[in-house]
Each structure stands twice: as structure tokens, then as C-alpha cells.
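Hi everyone, thanks for coming. Let me take a few minutes to walk you through a structure that may be new to you.

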Amino acid sequence: MKRFALLGEPLGHSLSPALHKAIYRQLEIDDASYRTVELPEERLKSFFTGFKVGGFDGINVTIPHKASVISLLDEVDSKANLIKAVNCINRVGNKLTGYNTDLLGFAYSLRQSGVSIEGNEFAIVGAGGSAQAVGAVLAEGSAKRVSIVNRTPERAELLQQTILTLNDQVSVDIVDEQQLIERSKQIDCVINTTSVGMSPDTQSLPISEQVFGSNMLAFDLIYNPLQTAFLKAAESKGANTVNGLQMLVAQAVYSVEIWMGGNIVAHVDMNALVRDLEKLIK
Ligand code: NDP
């Protein structure tokens, strides 16, 4: 029996156990389990001592532990290390290796939307952990320009550095809301990476609706609610919209691929998994 878990705190209504079970069902894997492990920061070290010698075969990590687990690992994938966020850990024998599959999940979902990265202009609203993953994908895909808007300027600067470290050909500007509105006609895709608008605070907008236009994709990393105020406002201006559910599904499938090997991403019906989860959120 292979044993997997999600580590974080709090995990009350996490969709991950249902999602992973649906993936195992689709792949006809009947010897794997997935559960949640809710732990505060001060108990991480002792948990990892046990993890290293057995117990679980792989772990997903979520808020607030994505950065703090890094020092407890034997090896960390270079991009996960750069963005200081690990959300997937694989154990082989006594060796623990950390990865970031949020990054792969975002890249997958953006590809499915039909917006190509190379030569296009993007805006990232927010500059936290998930914005770092988004920024890394845009840098690697050779975006032409990335505009960052964030409440805390220091975090926007860290995100700017990450993008430039990966690709110094990208033009990266830290802007305020008014400046973003002024350049909105050039922007191909605006991505909300803040938690503003997440259930239960569903009426809040992370950015003015004046940013949206009809030739744009609005991508919200939030998946609960399925249609945030951000996506509603974008739709009312004629923009195409994508929520965070497909990204959530894809990051989970990439985790399963890391743990079990093989070309799992190509063999999974992501859309069926998205439909399964939609029923749980509605
Ligand atoms: P972080 O805590 O690392 O970052 C949160 C960001 O939101 C920061 O930029 C923060 O700004 C901003 N923010 C929070 N509250 C406010 C507010 N009231 N006004 C303005 N800005 C605010 O979180 P994550 O990056 O890990 O997650 C962000 C969102 O992305 C969550 O909703 C999460 O569920 C979602 N997510 C979805 C994934 C998916 O697979 N679909 C994967 C990962 C995350 P500041 O820097 O000023 O504090």
C-alpha cells in the first residue's frame, strides 16, 4: 500500500483527498491512500524525522508550510528552491526531494486556455507564494512584459527578482492600479494570485474592473467560488475567463506522476476530474 498525504494548517475543507482518490480511481490504482495531516510549524521537524524513515511515500504541502519544509529536505528542485515554495515531496528510501507542481499546474491550465506566453503581455495581481510560481512560468515562457501590482511593495520586488533571475529579457514593472488601467489595452492576460474574493469573502475585487477588456484572458487562481467577483467583472467586460480549478487538478496529477513515475499526465482525463470537483464546490 502506498501512502500519501496533504500537510498544512488548517485543512478543514480541503478538496485534495477527494481529488487524489478520483485520480487513483481513474488510473485503476487500488493500493494507494491519501489523507490530510494538520500540523503547526513547531511539529514539522518531528513529523519529518518519521517521514524520512517510512510512514508516507509522498506528501503535498500547503499553507503555511511551503517555505519552511525546504530546510528539512535532502534535495530541492532548482525552480522550487528559487521561488522558495515546495508543494510536493517524494520519498525514495530515506531521501526526501522537494518539487513545486503549482508551477506545472498553472503552466498546464494556461496552455489549455490557448494564450501563449512568448511575446505576450501579462499582469500579476498579488506577489505571494503562488504569484512566484506564476512569475516563474511567465519568465520561462519568455513573456514580453509582466506588470506586478501588490499591496506590499517588498514582495512585488521579490517577484520581480525571481522573474529577472530566470529570464532577464522580460520587461518587469511594479505598477499601481491606475498605471495598470492605463496600460490595460496592451495586456493579453491578467492573473489574480491574491486570496481576495475567496469564499466566504466572495464579493471583494482584488483590482478595479476598469483593468478588463474584451481581448484579454482573466485567470483567477481561486477555485472556491468557481466564479469569483474578479471573473464576473472580467466577463462583464467581454474578457475570457479561467478559474483555478484546472490548475488545482493539474498540480495534483503532476504530484502523482512524481510519486508513481510513468507518463500519468498524458493518461488522465483532467476535464473529468474538474467536473467531479465542480460538483463538490457548487
Ligand atoms: P500568499 O499568502 O502567499 O499570498 C497572498 C497574496 O494575496 C499576497 O500578494 C497578499 O498581498 C495578497 N492579499 C491578501 N489579502 C489581501 C487584501 N486584503 N488586499 C490586497 N492584497 C491581499 O498566498 P498564496 O499565494 O499561496 O495563495 C493565494 C491564492 O491562490 C489563494 O486564494 C489560494 O487558494 C490560491 N491558490 C490556488 C492554487 C490552485 O491550484 N488553483 C494553488 C495555490 C494557491 P501582500 O503581499 O500585500 O500581503
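**A short tour**

Let's begin with strand β1, residues 2-8, which is mostly covered, with 5 of its 7 residues buried. Buried here means under 20% relative accessible area, with exposed over 50% and partly exposed in between, using a 1.4 Å probe and protein chains only. Helices (H or I, at least four residues) and strands (E, at least two) are DSSP runs, numbered from the N terminus.

Before going on, please keep in mind that this is a predicted model: local features need pLDDT of at least 70, side-chain atom pairs count only at pLDDT 80 or more, and totals for chains, interfaces and linings use all residues. Residues are numbered from 1 along each chain as its sequence is written, and side-chain values use heavy atoms, leaving out hydrogens and water.

Back to the strands. β1 runs parallel to β2 (residues 32-38), and 7 bridges join them; two strands pair if DSSP finds at least two bridges between them. In this pair, F4 stands opposite Y34. Between β1 and β2 the chain passes through helix α1 (residues 16-26), and this β-α-β crossover is right-handed. Right-handed means that, with the strands pointing away from the viewer, the path from the first strand over the helix to the second runs clockwise. β1 also runs parallel to β3 (residues 58-61), joined by 4 bridges, and there L7 stands opposite V61.

Next, two serines. S147 lies in strand β8, residues 145-149. Is S147 buried or exposed? At 1% relative accessibility, S147 counts as buried. Leaving aside neighbours within four places in sequence, S147 is in contact with residues including F122, D173 and R183, where contact means heavy atoms within 4.5 Å.

S184 lies in the loop between α7 (177-182) and β10 (189-192). S184 also counts as buried, because its relative accessibility is 12%. Its side chain reaches the backbone oxygen of I181 at 2.8 Å.

Finally, the ligand. It is surrounded by 22 residues, and the closest are A127, G129, S130, N150 and T152; a residue is near a molecule if one of its heavy atoms lies within 4 Å of it. A backbone N or O atom of L221 lies 2.9 Å from a nitrogen atom of the ligand. For G244, too, a backbone N or O atom lies 2.9 Å from a ligand nitrogen atom. The protein covers 77% of the 920 Å² of accessible area that the ligand has on its own, by the Shrake-Rupley method with a 1.4 Å probe.

Terms used. Polar contact = N/O pair within 3.5 Å; in protein donor to acceptor, adjacent residues only side chain to side chain.
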